[in-house]
Amino acid sequence: MGRFVVQRAAQAAVVVVLVTIVTFLLLHALPGGPARGILGLKATRIQIEQFNKTNGFDEPLPRQYWSYLVRLLHGNLGTSYKLNQSVASLLVERVPKTLLLTAMSTAVALVLAVPLGVWQALHRHRVGDHVTSSLVLVGYATPAFFLALVLVIVFAEKWPLLPPEAPQGTSISALLAHFSGLVLPIVTGAVTTLAAFSRYVRSSVLDNLAEDYVRTARAKGVSERRIVWIHVLRNSLTSLVALLGYYLPVLFGGAVVVESIYNYPGVGLLFWNAAQQSDYPVLLGVVLVISVATVVGSLAADLAQAAIDPRVRGALR
Amino acid sequence: MSAATDSVYRRFLRHRLGVAGLVVIVLLFGFCFLGPVVYHTNQVQTNILAANLAPGVQGHPLGTTDVGFDELGRLMVGGRSSLEIGLAAGLLATAIGTIWGSVAGYAGGWLDSVLMRIVDTGIAIPALFLLLVAGTIVRPTVGVLIVIIGVVSWLVPARLVRAESLTLANREYVLTMKALGGGSARAIGRHIVPNAIGTVVVNATFQVADAILLVAYVSFLGLGVPFPGTDWGGMLSNGISYTYDGYWWMIVPPGVAIILVVFAFNVIGDALRDAFELRLGSR
């Protein structure tokens with residue numbers, strides 16, 4: 001296990017370094033380079049040259065990359081062009097809100113997807129399996145912005161049960177105080193991810209049912225219900241947890257769309273607005289945080305899975 | 001047709017939903033590519049005098065758009081770009097992923113590590129961001145979108161094929177071929193890829209479905225096919241601005257078309273997976 005932890009952590013470290021190299025190069029590929037990012041759009045060319053000289057941005061790229069890394073390690077992600085605020089402080093403000101929304105819609109999706117996937121596996125190729133699979137697939141095939149529109153028309157216009165917009169507020173408690181405004185964003189996020197999870201559970205349960213340990217359990221007289229809900233589900237869930245780690249960028253992509261449609265004040269909306277306004281320091285800061293979170297998330301998931309399932313330790317990706 | 005492909009074919013035909021999906025795809029392709037031959041409309045010049053017409057008015061069966069394009073004809077033109085981009089980008093992603101994954105899995109050792117860490121890095125960086133950056137540097141055309149979407153989507157097939165290739169590389173027939181002096185290129189081209197073909201084909205159908213969805217999102221972000229061209233996602237996000245005017249005919253047809261085509265490719269993929277008797281964990 002120790003060897004696995006060290007190896008897997010080393011892999012993650014390499015990926016983090018690669019991610020910083022990519023963001024560094026993108027920052028430099030932009031017109032004006034990092035000086036624009038720090039001085040803002042109104043800086044003159046002389047100011048930029050002066051800035052480059054005093055800050056060492058006329059030095060060779062490898063040395064500059066090193067100082068970029070040092071700045072990152074000090075939590076300095078640059079300053080927004082538009083919002084007159086440091087990227088780091090923007091992220092501190094916005095990340096918890098996106099975590100809240102994404103965690104809730106992912107939780108809803110999982111709570112529905114796990115029992116559904118198991119039920120489908122047990123009734124595979126029967127009418128119920130086909131009908132539910134198809135319904136879930138329609139949810140997957142619907143672009144989130146179209147789904148959101150339909151939901152708003154039905155549940156906010158035709159029958160005004162829910163507000164069409166997410167609550168606004170600076171604190172988490174302010175957002176939760178108007179929970180009804182969170183319902184449509186949560187549902188939109190959940191519907192589009194539900195299919196991925198339920199299909200995963202369905203096929204994973206089917207795969208597990210063909211394993212030798214199931215045959216052994218059956219031979220020992222363990223009830224079918226116990227085999228499925230205790231033995232098989234435990235194996236399926238551990239691999240589902242591992243999948244979640246890798247799923248973070250997809251969830252973030254969903255957050256960008258959902259937050260911008262419902263005007264929810266999270267990282268997704270921040271990213272969306274930054275993209276509209278070419279606010280590169282913000283874009284790069286968000287990307288860096290999401291990427292590192294993905295690497296750390298999948299590392300944590302893999303280690304958790306390895307702790308539970310010894311077979312994983314052998315098969316290092 | 002060999003016995004193996006024959007039985008895959010028969011098993012596919014037994015899958016009714018998959019066959020229905022295939023029929024839908026054929027019909028949609030016919031509609032988009034042959035439709036304009038029969039149904040002539042002007043999809044280049046705008047006509048403000050005929051804007052926002054309801055279905056049926058002035059001989060427009062599905063009405064007209066905000067700048068006076070015939071909606072039915074637009075659906076054909078837009079579908080053509082959506083299907084072209086989706087199909088080509090999905091296949092491009094599958095091709096890159098297959099080569100990358102089979103080389104990594106077959107080679108093993110340091111080359112495998114290097115190749116897979118690059119894949120991990122690509123997975124960690126949100127595709128949406130790469131699309132945005134690319135969109136600011138190049139003007140999107142159908143060709144450019146194919147390349148961009150293909151290049152951001154090859155990572156999942158690379159992982160799947162690599163896992164497959166890892167087990168195939170140690171099969172006796174591959175080891176025998178190597179012992180007889182066969183080269184790596186021959187091993188990958190003649191043994192690894194053909195034996196992983198089920199995984200590759202099934203994944204390709206899902207890739208096409210995802211690419212068509214991704215095109216819709218790209219258009220929603222405003223980086224889609226430029227005017228006067230369009231795609232279903234572009235039509236949809238354009239129509240959404242007129243929701244509160246009640247112009248449903250600008251929203252429902254492209255929305256339904258996207259759902260239909262993505263759904264159809266997914267059920268075809270499911271049917272193929274059953275036909276190849278695959279166990280693809282993640283999909």
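Is G222(B) buried, exposed or partly exposed? The legends below, drawn from a predicted model, begin with this residue.

Figure 1. A residue counts as buried with 20 or more other C-beta atoms within 10 Å and as exposed with 12 or fewer. G222(B) has 13 other C-beta atoms within 10 Å and is therefore partly exposed. A separation of 28 Å lies between the C-alpha atoms of G222(B) and D120(B), two residues that are 102 residues apart along the chain.

**Figure 2. Chain B, built from helices.** Chain B contains twelve helices and zero strands, and its order along the sequence reads α-α-α-α-α-α-α-α-α-α-α-α. Taken along the principal axes, the box filled by its C-alpha atoms is roughly 75 × 45 × 30 Å. Chain B has 283 residues, of which 50% count as buried. When contacts in chain B between residues at least 6 apart in sequence are considered, 71% of them join residues at least 24 apart.

**Figure 3. The largest nonpolar core and the setting of I212(B).** The largest nonpolar core comprises 151 residues. The residues with the most contacts inside this core are L283(A), I149(B), I212(B) and V262(B). Helix α10 (residues 197-220) of chain B gives the most to the core, namely 15 residues. In soluble globular proteins, nonpolar side chains tend to be buried together. Apart from its neighbours within four places in sequence, I212(B) is in contact with S82(B), G86(B), I258(B), V261(B) and V262(B).

**Figure 4. Chain A, built from helices.** Chain A has 14 helices and zero strands. From the N terminus on, the order of its elements is α-α-α-α-α-α-α-α-α-α-α-α-α-α. The C-alpha trace of chain A spans about 80 × 60 × 30 Å along its principal axes. Of the 317 residues in chain A, 39% are buried. For contacts in chain A between residues at least 6 apart in sequence, the share that joins residues at least 24 apart is 69%.

**Figure 5. The contact between chain A and chain B.** Chain A contributes 37 residues to the contact, and chain B contributes 35 residues. On the side of chain A that touches chain B, the elements giving two or more residues are α1 (2-29), α6 (127-141), α7 (144-158), α9 (180-209), α11 (224-262) and α13 (280-308) of chain A. By class, the residues on this side of chain A comprise 25 nonpolar, nine polar and three charged.

**Figure 6. Packing of α6(A) against α12(B).** The axes of α6(A) and helix α12 (residues 252-276) of chain B are 9 Å apart, and the two helices pack at an angle of about 125°. At this angle, α6(A) and α12(B) are therefore oblique to each other. Their crossing is right-handed. From α6(A), the residues that make the contact are L137(A), V138(A) and A141(A); from α12(B), they are I259(B), V262(B), F263(B) and N266(B). The contact of α6(A) with α12(B) has six nonpolar residues, one polar residue and no charged residues.

Note on methods:
Residues numbered from 1 in each chain as written. Chains lettered and ligands numbered in written order. Predicted model: local features only at pLDDT ≥ 70, side-chain atom pairs only at ≥ 80, totals over all residues. Contact = placed C-beta atoms within 7 Å. Helix = DSSP H or I, 4+ residues; strand = E, 2+ residues; numbered from the N terminus. Nonpolar A, V, L, I, M, F, W, Y, C, P; charged D, E, K, R; others polar. Axes fitted to C-alpha atoms, helices over the stretch in contact; angles between N-to-C directions. Parallel < 35°, antiparallel > 145°, perpendicular 65-115°, else oblique. Left-handed = near helix turned anticlockwise from the far one by under 90°. Core = buried A, V, L, I, M, F, W, Y, C linked by C-beta atoms within 7 Å.
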